[in-house]
Amino acid sequence: MVTVSIVGTGHMGSALAGLVTRAGHALEQVGSHDLDTPITGDLVVLAVPYPAVDDVLTQRGDQLSGRIVVDITNPVNFATFDSLTVAADSSATAEIAARLPNSRVLKAFNTTFAATLTAGTVGPVTTTVLIAGDDTDAKTTLAEVITAAGLNAIDAGPLARARELEAIGFVQISLAAAEKISWTGGFGLVP
């Protein structure tokens, strides 16, 4: 059994907590500002908006050392919805990995909305979570949690693929913000 710590209690944090519970793993959920509760999970999910990541890493970076850390963020310019806020040759996940050299950092869940994680489907298709990262064992651990909850998991490649996953997330968020798709929809993959 894996203990999963979720930092964040918003829509995605709640949806991910449900996923972990369905998968039968131990859950520890803490608010991003709840500094009194230590992070002790084997797998830690940063379920906070990208602008909040800096504070989480500054305040809790030492607690993340040696753990699998999953970045779910989309570094979207939320004022304009017209661009990503990281350099074109980088990603939010790459920035997090640089700050956490002793953690095994993964990108996942950023191409799914909370509603599709909760429902387990995107329309008639089972929800698929794409995972990018350089540590094969960490990706396998995360994929096992995802599939135990009844969803599909696909290895999307090395950590460098996080940039493309963030671009997919950006397109999906932009479409939903423009009301061209609903927040209960999204992209579905047929494996």
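**Helix H6 and its surroundings**

Reply: The buried residues of H6 pack against strand S4 (68-71), helix H3 (92-99), strand S5 (104-108), strand S8 (128-133) and strand S9 (152-157). Keep in mind that the model is predicted.

Start with the helix itself. H6 covers residues 162-177, which is 16 residues. From its first C-alpha to its last it reaches 22 Å, close to the 22 Å expected at 1.5 Å a residue. Its buried residues are Ala162, Leu165, Glu166, Gly169, Phe170, Gln172, Ile173, Ser174 and Ala176. An α-helix has 3.6 residues a turn, so residues three or four places apart point the same way. Among the buried residues of H6 are Ala162, Leu165, Glu166, Gly169, Phe170 and Ile173. After the helix comes glutamate 179, with a positive phi near 60 degrees.

S4, S5, S8 and S9 belong to an open sheet of 7 strands, in the order S2-S1-S3-S4-S5-S8-S9, with mixed pairing. Strand S2 (26-30) and S9 stand at the edges with a single partner strand each, so one side of each has no neighbour in the sheet. On average, neighbouring strands of this sheet are turned by 25 degrees against each other, direction ignored.

Within the sheet, strand S3 (residues 43-46) runs parallel to S4, and 4 bridges join the two. Leucine 46 stands opposite aspartate 71 in S4. H3, the helix that the buried residues of H6 pack against, packs on the sheet as well, where it touches S3, S4 and S5. The direction of H3 makes about 165 degrees with that of S5. Helix H1 (residues 11-23) lies across strand S1 (3-7), S2 and S3, and runs at about 165 degrees to S2.

H3 also has a helix partner. Helix H2 (residues 50-64) packs with H3 at an angle of about 5 degrees, and their axes are 11 Å apart. That angle makes H2 roughly parallel to H3. In this contact, Tyr50, Val53, Asp54, Leu57 and Thr58 of H2 meet Ala92, Glu95, Ile96 and Arg99 of H3. By type, the contact residues divide into 5 nonpolar, 1 polar and 3 charged.

Last, the loop between S4 and H3 holds alanine 87. Alanine 87 is partly exposed, with a relative accessible area of 40%. Its C-alpha atom is separated by 24 Å from that of aspartate 155, 68 residues apart along the chain.

Definitions and conventions
Residues numbered from 1 in each chain as written. Predicted model: local features only at pLDDT ≥ 70, side-chain atom pairs only at ≥ 80, totals over all residues. Heavy atoms only, no water. Expected span 1.5 Å × (residues − 1). Buried < 20%, exposed > 50% of the residue type's maximum accessible area, 1.4 Å probe, protein only. Contact = heavy atoms within 4.5 Å. Axes fitted to C-alpha atoms, helices over the stretch in contact; angles between N-to-C directions. Parallel < 35°, antiparallel > 145°, perpendicular 65-115°, else oblique. Nonpolar A, V, L, I, M, F, W, Y, C, P; charged D, E, K, R; others polar. Pairing = 2+ DSSP bridges.
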